[in-house]
Amino acid sequence: PPPPPLPPSSLERPIDTPRAKPRRGPMFRGAAEREEPPRTPRCDWRQDNSAAASVPRSHLELEWSYGLSISIGGSLFETGDGEVVFPAAAAVVVFRPSSRTQRFFCGHDAAVTSLAVHRASGCAMSVQRFARKPGDLPHCCVWRICDQQELVRLSGFGQEGGFAAFSSSGSHAYIAGADDAGAWQLSLWQLPSILDGAMSRESILSSVSRAFGGNCHVEVQEPLHKIPLALREGVRGLQVHPEKSSLVLVHGKQTLTFVSIPSLESDADVRQGLGRETLDLPSGVSCARFISCGVAYGAGVVYAAVGTVDGRLILFGESDSGGWRAVSSLWIAPHSGPGCSVEFIRPTPLGFVVGGSASFGLTFYGHSMETLCERLPLTREDGNLADVVDAAYIESGDGGALLLATSDGGLLRVAEPFKSFEDECLVAVSVVDSHGVGCPPSADEPAAADVDCAILALAAHPSMPTRVAVGDAAGRVFIYDTGNHRAVQMATPYKCETSLCCLCYAPSGVFLLAGLADGTLEVISTLEWSDIFAGAGGSAG
């Protein structure tokens, strides 16, 4: 802290001048009076010392993301180039499974809520839920996947960002957001020709300037339309019809809303006038998706498929009066209880894949929703059933593969699933591990349902920087091999009943100190893991 200011009298007097001798009372007369030495000048604490205390410039580069944001359904996309895109906290990961490499888009300062990919233009759109700074608004970034270059930034859709989607042609962007009062609305932007992946940044700015009234800034705040949504709860998903940009499907926890915007289409079969038709589902909505422009199914025509929390797939089509009605209801897992929820409906070049809870695996449908295979079990390499929340189909030189996002934040790969219907189960290989997945289990490991995987502590080995110790809120310690991007060992501290707060390696690396929230300090020996720490970088011994 700065020193206290000098008294006014001392500030007025020259510092180098000896202090005036104080007057002495009668009892001090005749005593030898000592002359005080000159005062030493105080250093001026207000002077600019920034040059001496300046911090050198530094730059951190993200190398690998363990896991993905599994709380966000419908945000795993393939790009058509053998890559998949998914959100991970405030970043968006571009992952190539064939070479096991990741690239990152880091244009957000808060958690990404939704992601959309337009394959034809090679662009992606990501939305963050809230703004980081109080008083600011959340934003949506439109960016190129090949080089992670941000093209345009959209804001003005509300105080809270929901889900986003491209139109089939890429000419429009749709974002569901909530205003100050919590009312949800659908915002619509008309995108200029910036989605041409070959354009330079100068051409992008020029296109933005022409499309948005001469404003050369890449941030656009006012949408083309704002359409109120009659939702009584938050938005859980947003889908645009694959062939008609005028039809939008928005779903919450209990309701479906079909929005028609005839001004975007010139087709005669589109109902005239802005339409918002909201339907209630007593069982609850878990996911929804447009199928195609009218698929004949039974006695009706199917336009959309909706998954429910009780394991049903409900097919919707237009009624004779122009409204929407349920054409059929398919039980994916009958009588499996409330925990058996349909989590995703994904189109592939060979048909549709429907999945969700581990109890009923994966179900495959053809292009006309005919059943190809029902409830094919999905297991990991260790034989345990996998609980999946999203999927994406990629095509490669050795055949197609299905990438599956699991409920614990991992990413699995199943090769050629449409050729495995005769197998007893599908065996998935892990390609991106989440925290705590892929390492040898401990005998006293807590039950998976009781584990909170929040990471609270980190420590790097003193001689092997690729061996990083991670501590979580369940009191577990994981050893990660950052070279291979995998967890290789797990240990539970002795009689741990609380979360882990801090970790520290000994200078020799022989043991690891773990500090727990109950005030205990435990010593974990690494000598028994000598095979993990042995290598070119050193060993635990």
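**Entry 1: the β28/β29 hairpin**

I began at the hairpin that β28 and β29 form, with four residues between the strands. In its turn I found glycine 409 with a positive phi of about 90°. This is a predicted model, in which local features need pLDDT of at least 70 and side-chain atom pairs count only at pLDDT 80 or more, while totals for chains, interfaces and linings use all residues. Residues are numbered from 1 along each chain as its sequence is written, and side-chain values use heavy atoms, with hydrogens and water left out.

My strands are DSSP runs (E, at least two residues; helices are H or I, at least four), numbered from the N terminus. Two strands pair if DSSP finds at least two bridges between them. β28 and β29 (residues 411-415) run antiparallel and are joined by five bridges; alanine 405 has leucine 411 in β29 as its bridge partner. I then looked at β27 (residues 388-396), which is joined to β28 by eight bridges, again antiparallel. There, isoleucine 394 has alanine 401 of β28 as its bridge partner.

Is β28 enclosed or open? Eight of the eight residues of β28 (residues 399-406) are buried, so the strand is largely enclosed by the rest of the structure. Buried here means under 20% relative accessible area, exposed over 50%, and partly exposed in between (1.4 Å probe, protein chains only).

**Entry 2: an open sheet and the core**

Next I traced an open sheet of four strands in the order β9-β10-β11-β13, with antiparallel pairing. Its edge strands are β9 and β13 (225-228), each pairing on one side only. Neighbouring strands are turned by 20° against each other on average, direction ignored; the axes are lines fitted to C-alpha atoms, with angles running from 0 to 180 degrees between N-to-C directions. Four bridges join β11 to β13, and leucine 188 stands opposite histidine 225 in β13.

I looked up the largest nonpolar core and found 19 residues. Such a core is a set of buried Ala, Val, Leu, Ile, Met, Phe, Trp, Tyr and Cys residues joined through side-chain atoms within 4.5 Å. Tyr174, Leu186, Leu229, Val235 and Leu238 have the most contacts inside it. The strands that each supply at least two residues include β9 (160-166), β10 (172-178) and β11 (184-190).

**Entry 3: aromatic pairs**

I noted twelve aromatic pairs in the structure. Rings of Phe, Tyr and Trp (its six-membered ring) pair if their centres lie within 6.5 Å; planes under 30 degrees apart count as stacked, over 60 as edge-to-face and the rest as tilted. The rings of tyrosine 303 and tryptophan 324 have centres 5.6 Å apart and planes at 90°, so I logged this pair as edge-to-face. The two residues sit in β19 (residues 300-308) and β21 (residues 324-331), 21 residues apart. Both tyrosine 303 and tryptophan 324 are buried.

Phenylalanine 364 and phenylalanine 418 also form an edge-to-face pair, at 5.1 Å centre to centre and 70° between the planes. Phenylalanine 364 counts as buried at 0% relative accessibility, and phenylalanine 418 counts as buried at 13%.

**Entry 4: confidence**

Last, I checked pLDDT, the predictor's confidence in each residue, from 0 to 100. The protein's mean is 77, and 73% of its residues reach 70 or more. Over residues 9-34 the pLDDT is below 50. Where pLDDT is low, the predicted coordinates should not be read in detail.

Definitions and conventions: Contact means heavy atoms within 4.5 Å.
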